[in-house]
Amino acid sequence: MKRIYRHILGLLLVGVCVAVWVLTTGMARRELRTRTCQGKGKLQVTVTDSLKRRFVAKADVQDWLEKEYGAYAGLPLDSVDLTRIEKLICSHSAVRDAEAWITDDGVLHVALSQREPVIRLENGQNACYADETGYLFPLQSRGSVSVPVVSGKLPFNVPKGFKGYLENPEEALWLSRVIGLVSYMKGKVWEKDIRRLTVRQGGELVLYPVQGREEFLFGPPVRIDEKFKLLTTYYRSIAPSKNAGYYSKVDLRYRKQVVCKK
């Protein structure tokens, strides 16, 4: 009998807990309907990586919300579509990700991070950035970054304002390899010693040093480590035996040999 009483008491406690939850949830929802979101004067925007890049400012987010979302000031808190706000902010090319939330005082908060360019691509008609994943996005009207420039006959063409990934697998692979080359140079002596990378027909690369008149014929962006070892051999064993500027072309495209031309 006692076991039955304990069972009944347990069921009653569960029922009370459910009733309390329903009551408090209903009250919370009613409270959300009575409290409203404040306007852009109270909007809080945090750009988490603003010390590195200054592509996006609070004024940009305000403008995007006004033009693309519409009025949110005065709306009940549970009527503000935070998911939509996050999506529209992320639709802008310089934004990598965004999070939006509203605090109890009705203030809309937006935290975002920006895309980080690793190279700048130019073909004489258009220029854009690429991040480490191969995502292309336009140069920004606000702010700029110093990254290696790859210019010339790029093996792909994208319209001005393009943002996204290359759909052609061969083009995407070439871009990925160039990004890998630039990543290889970073933190090494080559990062400062190579001033420019030019693309010739067929996607072959030519590297130009900061000092000297040599053209380093690199070829396609493959066997990167091997070719830079050949370049090291040139500077350590070949160039010192001649006067400065003796060679005009240094071919690194062949395996285990450096071909130099006056």
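A nonpolar core is a set of buried Ala, Val, Leu, Ile, Met, Phe, Trp, Tyr and Cys residues joined through side-chain atoms within 4.5 Å; buried means under 20% relative accessible area, exposed over 50%, and partly exposed in between (1.4 Å probe, protein chains only). What you're looking at is a predicted model, where local features need pLDDT of at least 70 and side-chain atom pairs count only at pLDDT 80 or more, while totals for chains, interfaces and linings use all residues. Residues are numbered from 1 along each chain as its sequence is written, and side-chain values use heavy atoms, with hydrogens and water left out.

The largest nonpolar core has 35 residues, and the ones touching the most other members are Leu 121, Leu 136, Trp 174, Leu 175 and Phe 228. At least two residues each come from several elements, including strand E4 (117-122), helix H4 (169-185) and helix H6 (224-238). Helices (H or I, at least four residues) and strands (E, at least two) are DSSP runs, numbered from the N terminus. H4 gives the most, with 7 residues.

pLDDT is the predictor's confidence in each residue, from 0 to 100. The chain averages 87, and 87% of the residues score at least 70. Among the elements, H4 has the highest mean pLDDT (97), and helix H1 (residues 2-34) the lowest (51).

## Cysteines

There are 0 disulfides here (a disulfide is a pair of cysteine sulfur atoms within 2.5 Å). Cys 37 is buried at 3% relative accessible area, while Cys 90 is partly exposed at 31%.
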